[in-house]
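Subject: Handover of a structure, with findings

Dear colleague,

Please find below the structure that I am handing over to you. My notes on what was found in it follow directly after.

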2 protein chains.
Amino acid sequence: MIDKVYGGIEAGGTKFVCAIGTSPDNLVKTQFATTSPDESIRKAIHFFKDHTRLKPLTAIGIASFGPLDIDKNSPTYGYITNTPKDSWSNVDIAQKIHSQLNVPVAIDTDVNGAALGEQVWGEAQGLDTFIYLTVGTGIGGGGMINGKLMHGLLHPEMGHIRIPHDWQKDPYKGCCPYHVDCLEGLASGKAMELRWGQSPEKLPFDHPAWELEASYLALAISNFICTISPQRNIVGGGLMKNPGLMPAVRRKVELNLNRYVRSEAITKDIDRYIVAPALGDLAGIVGALELAKRINQDIC
Amino acid sequence: MIDKVYGGIEAGGTKFVCAIGTSPDNLVKTQFATTSPDESIRKAIHFFKDHTRLKPLTAIGIASFGPLDIDKNSPTYGYITNTPKDSWSNVDIAQKIHSQLNVPVAIDTDVNGAALGEQVWGEAQGLDTFIYLTVGTGIGGGGMINGKLMHGLLHPEMGHIRIPHDWQKDPYKGCCPYHVDCLEGLASGKAMELRWGQSPEKLPFDHPAWELEASYLALAISNFICTISPQRNIVGGGLMKNPGLMPAVRRKVELNLNRYVRSEAITKDIDRYIVAPALGDLAGIVGALELAKRINQDIC
């Protein structure tokens, strides 16, 4: 018997996923393309109203694209802030959901949501310090440190670190509107598409694009390892669906670190140190449900 | 009246500092050059025995250079592990101190020690997520995230991240024995000395060396900001004694981030966002005393 009904929203730049449930194996969900804020939020509200006629929701969790304001003391808490995405700048997504469904709303970044999902149900069970990286149209990172989701001043923007750019091997200048050749500017799906003139899904698995992509991701992950010392690195997102990419990234991370970080987790078991999310594409929406469940806890 | 007597050791690659006391304003200390492990530890023991004849020590905290094994479940807990420093590899510093003074010993990295000192007495008071970076002969980083010192798998090795290396502007190849042109390989005091053929203290404040140094440190700090989202960045160490370096680093961090991370802490108040340690050179030894005080707490 389920006592409480939780809702989750994974608000992505290209699609919204909405779900009601309690676990990866016990949920009802729907998804639709992300359009305008008004239309997307209206569809989400409709889903929740439609599926909770018999029993009201206890809480909703939102795992959203950003940048987000997740400072609970801020006047713009729960807003998507300065996104370049059309019409989504300064949208108070948490308040809009809250005011129309009249339930408590928890909000965090999409990657922190996915990290929480993996900690409860996936690859990060039992860990207190790990990162979750998503590599798709853009690149984002989050995770937990010392048992709590990563927040700090705002929230991490791991996609925007600077990494070495070998101009001889890769004359493409980069596509980040803020930093040009930061990690996202060089290694996002958008960068791949602009560099090679075709969508990454269409690039054959043995195209040199993937070796370059593995190099950039490995540089970034090596930096995250040196900076945070995670117990595990979970790497999801659309680009990771190329089956050769993860093994190539692992090999290059080993070469980059060059046995300086002397942990057997890295030197002997890197296949378990850098892994795909166990929940796959469900990590985000399951994490959103977990955010709802923990709405009054200090984890978030 | 002081109930308990705490000891602290800041074990550095070039000098050992030993102290007994409770605060930056209430301590007795000594320092001596780091020589062999046996001799250095013998001198430390002598200091503590000599100063605690009337009242025994309650605990000792050690803030040590590394890499260190600080996993309390490890058989080599409290060891300095694979350091290139002569004769210090695989030295069980914590156990040697413990066995000769017969008091509980807490150990953490020198930078985590300094971070703790700054949180109790300095620039990080009231913060739960901040980094402490030291830029001297080598480069190291630590700090607190979500109110606890950074550990994770081992401990951070922030000096070993990869940053862009502009070979045209800086043909020096780098000096890290593991990674060649990582941050430490390009921007440590040792790298400066090898690149310019003289000790950094002797390089005039307006030498182009410092502009390059500021660029590298700013790239690293920008990466740490994007990765961790610290509430503040405390940067100490010998190279920071050049009074022009900190302002140049701040200006370049602002340029690197390019207003992408929209926090007024960065966009309006960077002089308070990237700061020198309030305790100056005392941060490490005061932090070592704080490690001793917290020996049974979960902060470490």
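In this predicted model, chain A can be superposed on chain B by a rotation of 180 degrees with 0.0 Å of shift along the axis, and the RMSD is 0.0 Å. This is the relation of a two-fold axis. The two copies use the same surface, since 100% of the contact residues of chain A recur in chain B. Which residue of chain A comes closest to the rotation axis? That residue is A:Pro164, whose C-alpha lies at 2.0 Å from the axis.

Cysteines

How many disulfides are there over all chains? The count comes to zero. A:Cys176 is in no disulfide, and its nearest cysteine sulfur, that of A:Cys182, is 3.7 Å away. A disulfide would need the two sulfur atoms to be within 2.5 Å. A:Cys176 is also buried, with a relative accessible area of 5%. For A:Cys226, the closest cysteine sulfur belongs to the other chain: it is that of B:Cys182, at 7.9 Å, which is too far for a bond. A:Cys226 is likewise buried, at 1% relative accessibility.

Salt bridges

Side chains of opposite charge can pair when their charged atoms come close. A search of the whole structure finds 24 salt bridges over all chains.

- In chain A, the side chains of A:Asp92 and A:Lys96 meet with 3.1 Å between N and O. A:Asp92 counts as buried, at 17% relative accessibility, whereas A:Lys96 is partly exposed, at 25%.
- In chain B, the side chains of B:Asp50 and B:Arg53 form a salt bridge of 2.5 Å, N to O. B:Asp50 is partly exposed, with a relative accessible area of 34%, and B:Arg53 is exposed, with 65%.
- Also in chain B, B:Glu290 is bridged to B:Arg294, and their closest N and O atoms are 2.5 Å apart. Both B:Glu290 and B:Arg294 are buried.

Salt bridges can also share partners: in this way A:Glu123, A:Arg232 and A:Arg272 are joined into one network.

Aromatic rings

A pair of aromatic rings is described by the distance of the centres and the angle of the planes. Over all chains, the count comes to ten aromatic pairs. In one of them, the ring centres of A:Phe65 and A:Trp88 are 5.5 Å apart and the planes stand at 70 degrees, so the pair is edge-to-face. Both residues lie in the loop between strand S4 (59–64) and helix H2 (93–101) of chain A, and the pair therefore ties together parts that are 23 residues apart in sequence. Both A:Phe65 and A:Trp88 are buried. Another pair consists of B:Phe47 and B:Phe48, with centres 5.2 Å apart and planes at 75 degrees, so this pair is edge-to-face as well. B:Phe47 and B:Phe48 are both buried. Returning to chain A, A:Phe65 and A:Trp88 belong to one aromatic cluster with A:Phe16 and A:Phe32.

A helix of chain B

Helix H3 of chain B covers residues 110–121, which makes twelve residues. From its first C-alpha to its last, H3(B) reaches 16 Å, close to the 16 Å expected at 1.5 Å a residue. Is this helix enclosed or open to the outside? Nine of the twelve residues of H3(B) are buried, so the helix is largely enclosed by the rest of the structure. Among these buried residues are B:Val111, B:Asn112, B:Leu116 and B:Gln119.

B:Ala114 is found in this helix, H3 of chain B, and counts as buried at 4% relative accessibility. What does B:Ala114 contact, leaving aside its neighbours within four places in sequence? The partners are B:Tyr132, B:Ala283 and B:Gly284. B:Ala191, for its part, is 77 residues away from B:Ala114 in sequence and 23 Å away in space, C-alpha to C-alpha.

Yours sincerely,
A colleague

How values were computed
Residues numbered from 1 in each chain as written. Chains lettered and ligands numbered in written order. Predicted model: local features only at pLDDT ≥ 70, side-chain atom pairs only at ≥ 80, totals over all residues. Heavy atoms only, no water. Buried < 20%, exposed > 50% of the residue type's maximum accessible area, 1.4 Å probe, protein only. Least-squares fit on C-alpha atoms with pLDDT ≥ 70 in both. Contact = heavy atoms within 4.5 Å. Salt bridge = Lys/Arg side-chain N within 4 Å of Asp/Glu carboxyl O. Helix = DSSP H or I, 4+ residues; strand = E, 2+ residues; numbered from the N terminus. Expected span 1.5 Å × (residues − 1). Phe/Tyr/Trp six-rings, centres within 6.5 Å; stacked < 30°, edge-to-face > 60°.
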